[in-house]
Amino acid sequence: MLRSLKDLERYTVNATDGDLGTVVNFLLDDQRWIVRYLVVESGGFLDGRRVLISPIFFRQAEWLTRRFHLALTIDKVKKSPSVNVDQPVSRQHEQDYFGYYGYPHYWGGEGIWGMGAYPGSLMAGGWNEALAQHSAETSGDTHLRSARDVQGYGIQGSDEAIGHVDDFLVDDETWEVRYLVIDTSNWWFGKKVLVAPHWASRISWEESKVYLDMSRQEIKNSPEWNATAPVNREYEARLYDYYGRPVYWASDDSPEDAQSAHHPGSHT
């Protein structure tokens, strides 16, 4: 199921022994376009500092009550390595983070989450010495970006500017970013369109721009997206067919296997 990152902000995060805090941001992997961490603003017991929580620690997600339940205690999080989430998070900080919790790193494996496609595969697999060694050898610069920073990035088409990034739609099982929500209201009143991040020809972090190899008119004529309706597989198939792009889902999926996206019309 696809979820709006804007909608996931302010979700309550629960440890096994009480409320930990609320979600205020996300860190995105800019190579694979995956949410690697939730930025959680903790309560008074942590002096209000912000901590990183990986989806691998999710025990349960309650979408109706807007809560993420963790398989961690408050004390465990309290004693975790301190990270300044307002600054770039280095790979060394990530190594310290995973080392503290006793789980292998997600990079270095064949899957998007280490050796698998889901965050839970890291927890299920336990510590892998070979993967850990490989991770240490490939610990170059990090590729994490604040979702809030990327919101507002300009969209540059092949001919003219198109709009800006307004939100992200993510798969709530793999935490992959499936679509950038592009606000084109400066040109077409109130219209928002979806573009898969891997369709971008390049992204300039220095210019805060996403470059697309499609024209403004091509974007304008794309299948209409209703922000208050679910994104299902039928719509996705039309979107991919319109742009002539290969689909990401398995060939044996049918249009009836809908992947709904909760995307309310407004956010506060």
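## A walk through the predicted model

Trp 33 sits in the loop that runs between β3 and β4 (34–42); helices (H or I, at least four residues) and strands (E, at least two) are DSSP runs, numbered from the N terminus. This is a predicted model, so local features need pLDDT of at least 70 and side-chain atom pairs count only at pLDDT 80 or more, while totals for chains, interfaces and linings use all residues. Residues are numbered from 1 along each chain as its sequence is written, and side-chain values use heavy atoms, with hydrogens and water left out.

Back to Trp 33, whose phi is near 55°, a positive value in a residue other than glycine. Is Trp 33 buried or exposed? Trp 33 counts as buried because its relative accessibility is 9%, and buried means under 20% relative accessible area, exposed over 50%, partly exposed in between (1.4 Å probe, protein chains only). Another tryptophan belongs in this part of the tour: Trp 175 has a positive phi of about 70°, although it is not a glycine. You will find Trp 175 in the loop between β10 (161–171) and β11 (177–183), and with a relative accessible area of 2% it is buried.

Now turn to strand β2 (residues 12–15), which is covered on both faces. Thr 12 and Asn 14 lie on one side, Val 13 and Ala 15 lie on the other, and all are buried. Which strands pair with β2? Two strands pair if DSSP finds at least two bridges between them. One partner is strand β3 (residues 18–29), which runs antiparallel to β2 and is joined to it by four bridges. Within β3, Thr 22 is the bridge partner of Thr 12. β2 and β3 form a hairpin, with two residues between them. Strand β7 (residues 67–70) pairs with β2 in the parallel sense, over three bridges, and here His 69 of β7 stands opposite Asn 14.

Strand β1 (residues 2–4) is where Ser 4 has its place. Ser 4 counts as buried because its relative accessibility is 1%. Its side chain makes a polar contact of 2.5 Å with the side chain of Asp 167. A polar contact is a pair of N or O atoms within 3.5 Å; within protein, one must be able to donate a hydrogen and the other to accept it, and residues adjacent in sequence count only if both atoms are side-chain atoms.

The aromatic side chains come next. The structure holds 24 aromatic pairs, where rings of Phe, Tyr and Trp (its six-membered ring) pair if their centres lie within 6.5 Å, and planes under 30 degrees apart count as stacked, over 60 as edge-to-face and the rest as tilted. Trp 199 and Tyr 243 form a tilted pair, 5.1 Å centre to centre and with 55° between the planes. This pair links distant parts of the chain, 44 residues apart: Trp 199 is in the loop between β12 (192–195) and β13 (200–204), and Tyr 243 is in helix α8 (residues 233–243). Both Trp 199 and Tyr 243 are buried. The rings of Tyr 242 and Tyr 243 form an edge-to-face pair, because their planes are at 80°, with centres 4.9 Å apart. Tyr 242 counts as partly exposed, at 30% relative accessibility, whereas Tyr 243 is buried, with a relative accessible area of 8%. Elsewhere, ring pairs link a cluster whose members include Tyr 37, Phe 57, Tyr 97, Trp 107 and Trp 113.

Finally, consider the empty space. Rolling a probe the size of a water molecule over the atoms shows where such space is left. On a 1 Å grid over the protein atoms alone, a cavity is a set of points where a 1.4 Å probe fits but cannot get out, and a pocket is an open set with protein on both sides within 12 Å along at least five of seven lines; lining residues have an atom within 4 Å of a point. Grid points are joined across faces, edges and corners, and a volume is the space filled by probe spheres set on the points.

The largest pocket has a volume of about 320 Å³. Of its 18 lining residues, the closest to the centre are Leu 27, Val 85, Arg 145, Ser 146 and Asp 149. β3, β8 (144–146) and α6 (147–150) are the elements that give two or more residues to this lining. The largest cavity has a volume of about 60 Å³, and Tyr 97 is one of its lining residues. Strand β5 (residues 50–53) gives the largest share of that lining, three residues.
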